[in-house]
Amino acid sequence: MNDETVREQLSSLMDGELAPDSARFLSKRLGNDPELAATWERWHCLRDSLRQQGTLAPVDLCARVREAVTEESTPAIEPISGKLWRGLAGGAIAASVAAVALMFGQTALVPDTAKPPAAATLAHVAAVTTTDLTPNWQLSPVADRQSYLLAPPQVGSEFDGYFVEHGLASGSAGALGIVSYVPVVAMPATREGGDETRAGSSPR
Amino acid sequence: MMKPLARLSWVVLALVAMSPSRAGDALGLLAAAQRAQATRSFEGVVVFMHDGRFDAVRVAHRPGRGGYEQLATLSGMPRALFRDAREVRIESPGRAQRLPAAVFAAPAFDSARVGASYRLDDVAEERIAGFNARIVDAVARDALRHSQRLWINPDNGLLMGVALIGPRRETLQQVMFTSLVVDARQQADAVASTSAGAMPGDLPVALPAGFQLVAERSIDGRRSLMLSDGLAMITLYLEPRSDSLDRLTTLRRGATHLASRQLGQQRAVVIGEVPLATAVDLANRAAQALND
């Protein structure tokens, strides 16, 4: 079984769509494959961040959660499908407890390895307020907002995927790096606002 | 023996001669910003302004082997993205989308190419998210591209913000950090040194002035060509279609324009943070070339 198939199965397992036998097999593999376990964990962090309405746990925190779970709830996944979900639930509870313990039991969420440069110390202890940004913002022209109000977005355009692909390619091959991914996340295909202008057919 | 005043004059002249120009400073900052993407780990929150609204997005970036990017919206519709070397996973409530990772070697920073398309100026310093940032203005030399204003930390090279500026000096789109934590450790400099314009052999169409092919992918007869002028990016898709049409379609989201031109059973789709006219012109010419 190649890596891609395994990751497909992992995705199905996350979505609750994997057959019991396959789930049992994958759970064994998760216990023996640290890289796969890390992937599983990251995907869960990602999903958890959505359930918490946008609090993205730092990945280093996730690693600490994993360590805590490993220590406290081994074996979290039992090799029987019926018990698998109980095991996962147990692991999730342990992870939650561990996360709470880590978040409230530590003096700071910022990992030790993420110490800022000395010149930027204030950025980490002072709350960021809008006054930090106010001088730098130039609001969009009113015309843009009018077009947004007057032209409802087209949802599910056949070209949605091109916007995503372009954003991802720009993030990888472009000069601006991660900044290029921001529109992919913030301007999804089915977003609630925006403006799309279809010029229509051309006789050329 | 040289008199003190004359000696002082020579020192002043020497200092003047050594001080780099503001354009040179700007180029150095841009090069540092690209290098920092490959060497610096950071986490933070950015605000993204577009279409008269703004969204907050949490971001985490780890470069190098085992590197990844992670983003999640903090406002609006919940949505998150995770990218590593293998794949991209985009999650929204009730939906998970997996895409193959679009990992391309970023071209080496080409100061000559950037300088040919933009007039660069290191104009001022501001404070962003608690960090000092130099403001670099990249003013487009023609109407084929937008101008850009970039905020770059002079100490670690991180890009703190970027704004696309339209022809009437209006802000089309802006991304700005509001909080940032930088890992003090630095990865070994792993900036890919793929030379820009290394694969221009079979381009079916002349590219807009200043743009060069920087990466290419071909899957099932569909070619994706990534073009860059050093700052702006365009993706050109060349693809066969089963239906036969004569149609031009244009779309816009934020500052990103898409132009799709289908002629017969060939379609060229151009998408990028460029003016609509640039996208339409390239799509038209590419579709025509595919039919010739």
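## Confidence in chain A

Chain A as a whole has a mean pLDDT of 54, with 34% of its residues at 70 or more.

Two stretches of chain A call for caution. Over residues 52–59 of chain A, pLDDT stays under 50, and the model has 24 contacts beyond four places in sequence for them. Residues 72–155 of chain A also have pLDDT below 50; the model gives this stretch 111 contacts beyond near neighbours in sequence. Where pLDDT is low, predicted coordinates should not be read in detail.

## The sheet of chain B

Chain B has an open sheet of 4 strands, paired antiparallel in the order β12-β13-β14-β15. Its edge strands, β12 (212–219) and β15 (256–272) of chain B, each pair on one side only. From one strand to the next, the twist averages 20°.

Strands β13 (residues 222–228) and β14 (residues 233–253) of chain B run antiparallel and are joined by 6 bridges. B:L225 has B:L236, in β14(B), as its bridge partner.

## Helices across the sheet

Which strands of chain B does helix α8 of chain A lie across? Helix α8 (residues 160–173) of chain A lies across β12, β13, β14 and β15 of chain B, and runs at about 120° to β15(B).

Helix α4 (residues 276–291) of chain B lies across β14 and β15 of chain B. The angle between helix α4 of chain B and β15(B) is about 20°.

Technical notes: Residues are numbered from 1 along each chain as its sequence is written. Chains are lettered from A and ligands numbered from 1 in the order in which they are written. This is a predicted model: local features need pLDDT of at least 70, side-chain atom pairs count only at pLDDT 80 or more; totals for chains, interfaces and linings use all residues. pLDDT is the predictor's confidence in each residue, from 0 to 100. Two residues are in contact if their C-beta atoms, placed from the backbone, lie within 7 Å. Two strands pair if DSSP finds at least two bridges between them. Helices (H or I, at least four residues) and strands (E, at least two) are DSSP runs, numbered from the N terminus. Axes are lines fitted to C-alpha atoms, for helices over the stretch in contact, and angles run from 0 to 180 degrees between N-to-C directions.
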